[in-house]
Amino acid sequence: MKLADLSISNITTHKTHNTNYSTMGITKKILVIPGDGIGQEVTTWGKKVLETIAANYKHTFTFDEGMMGHVAIEATGNPLPDETLEKARNSDAILFGAIGHAKYDNDPTLKVRPEQGLLKIRKELGLYANLRPIKLFDDLLQASSIKPEILQGADILFFRELTGDVYFGEKNRSEDRNTASDLMIYHKYEVERIARKAFEAARTRRKKLCSVDKANVLEASRLWREVVQELSKEYPDVETEHMFIDNAAMQLIKDPKRFDVVVTGNLFGDILTDEASQIAGSMGMLASASVGDKIGFYEPIHGSAHDIAGKGIANPLASILSAALLLDISFGLQDEAQRVIKAVDATLRQGFRTMDISSKHTENRFLLGTDAMGEKVLENLN
């Protein structure tokens, strides 16, 4: 592809996205939540890109900052402080980094955990749809472990339901601590609202939708499939396919080009979209948007990566591309979003790489750290 076109404004959280604001400028409030680990390093560059766009297009973006995750627990004892949640509610969009710390991975008995903050803000803000565009920049064909001929032309838009499933179902542990359970639960309206967004998106793309479940085993999945089947009657122009999660995981690597729009539940979507990062070459290249009916929440999918935090080698491109999604979906600024994507594309075409997307053929002079890569994107943006 000549340009990684991530424009998906038909899923906007605002109803005014078709208005052309570029000639008159807009005023918006953006909350930045750097979070933990490399989130604090890469979010700097997402914010700088937004500041540059605002200056070039005469928009007024005002920024505030909030804590969430491990840093918030250390400072306040709460993974999502009330102050951060209030700031989020009063913002037009949120740019997020990552949460997590090895401390919690090594001790599963800890009651207060960074992930609780992320789950809570999704629930409180009604962020029920997670959108992850998976599209490969041509210059990164060799960065993936998958053969280029299998990858080239792949273009998938995932819709992961975000506020239901086992992550939010009732959790129990027996008194003797030997038995545990997590309730996988879905209500009809939860399936219907995200499936409708996925169908609408499919209409603007290749008119193919794949719904992923495990209806041969799970009752929650049977409800999921029933709802999608019923809703598909309203979209006769969209080819609807149902696929079990195990088969979908295999087909995603075997033949990614067969997929267009994929809609699935919280647990399955979490696994599939991380698997799909191999299509893009690295998690460091994948942006995401969590939306509902009002505020949008934008983040790279790579997590806090504490093993490389503070070393200055994290890839900032996913955060920068998340900023592009923010411009597109929440603010309806398609031209500005495409300008950001073109700047990333140009940087990659010039040969510049961070460690995660480099190869044995990458010359040392083209191997950049976090800040140097961010600066190159800003140069191309200007």
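The model is predicted. Along the principal axes, the C-alpha atoms of the protein chain fill a box of roughly 55 × 50 × 45 Å.

Now the fold. The protein chain holds 14 helices and 12 strands. Take the contacts between residues at least 6 apart in sequence: 78% of them join residues at least 24 apart. Burial comes next. Of the 382 residues, 54% count as buried, meaning under 20% relative accessible area.

Then the surface. The protein chain exposes about 16,300 Å², and carbon and sulfur atoms supply 49% of that area.

Helix α7 covers residues 188-203, which makes 16 residues; at 1.5 Å a residue it should span 22 Å, and its end C-alpha atoms are 22 Å apart, so the span agrees.

Which residues of α7 are buried? They are Glu190, Val191, Ile194, Ala195, Lys197, Ala198, Phe199, Ala201 and Ala202. An α-helix has 3.6 residues a turn, so residues three or four places apart point the same way. The list includes Val191, Ile194, Ala198 and Ala201.

What do these buried residues pack against? The strands are β4 (129-135), β5 (155-161), β8 (208-213), β9 (239-244) and β10 (261-264). Helix α8 (219-232) is also a partner of the buried residues of α7.

Definitions and conventions: Residues are numbered from 1 along each chain as its sequence is written. This is a predicted model: local features need pLDDT of at least 70, side-chain atom pairs count only at pLDDT 80 or more; totals for chains, interfaces and linings use all residues. Side-chain values use heavy atoms; hydrogens and water are left out. Helices (H or I, at least four residues) and strands (E, at least two) are DSSP runs, numbered from the N terminus. The expected span of a helix is 1.5 Å times one less than its number of residues. Buried means under 20% relative accessible area, exposed over 50%, partly exposed in between (1.4 Å probe, protein chains only). Contact means heavy atoms within 4.5 Å. Accessible areas come from the Shrake-Rupley method with a 1.4 Å probe; for residues, only the protein chains shown count as cover.
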